[in-house]
Amino acid sequence: MPHSVITVGVLVDDKIYTFVTGEHMAEISIKKEDWDLLKIKLKRKYRDLSDEDLSFEPGQEEELITRLMERLKRNREYVVFTIRKSMV
């Protein structure tokens, strides 16, 4: 069965954030220049997260989502929602 993929671009403060939905794909795309602020926001919200938990390189969104699901003991939808919310 073919998988549907939907890409949505959102313009916020002159920055474009791209969200991709589809099975077994990261629903978000995080740019390196946005990661430092996002990391700070996530660390403030979840003080138990270590620097290792929040290690990230562009293109590794799926690994980050999976790691946060395990550490936070939350489902994928919650983790993706939390990351998206922290990006704006």
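Contact here means heavy atoms within 4.5 Å, and by that criterion leucine 68 touches Leu42, Leu49, Asp53, Leu54, Lys73, Val79 and Ile83, residues up to four places away in sequence not being counted. The model is predicted, with local features needing pLDDT of at least 70 and side-chain atom pairs counting only at pLDDT 80 or more, while totals for chains, interfaces and linings use all residues. Residues are numbered from 1 along each chain as its sequence is written, and side-chain values use heavy atoms, leaving out hydrogens and water.

- Within α1, the buried residues (under 20% relative accessible area, with a 1.4 Å probe and protein chains only) include Asp34 and Trp35.

**Salt bridges**
- Six salt bridges are counted, each being a side-chain nitrogen of Lys or Arg within 4 Å of a carboxyl oxygen of Asp or Glu.
- Glutamate 62 pairs with arginine 76, their closest N and O atoms being 2.7 Å apart; because glutamate 62 lies in helix α2 and arginine 76 in helix α3, the pair ties together parts that are 14 residues apart in sequence.
- Glu62 and Arg76 are also linked with Glu27 in a network of salt bridges.

Technical notes
Buried means under 20% relative accessible area, exposed over 50%, partly exposed in between (1.4 Å probe, protein chains only). Helices (H or I, at least four residues) and strands (E, at least two) are DSSP runs, numbered from the N terminus.
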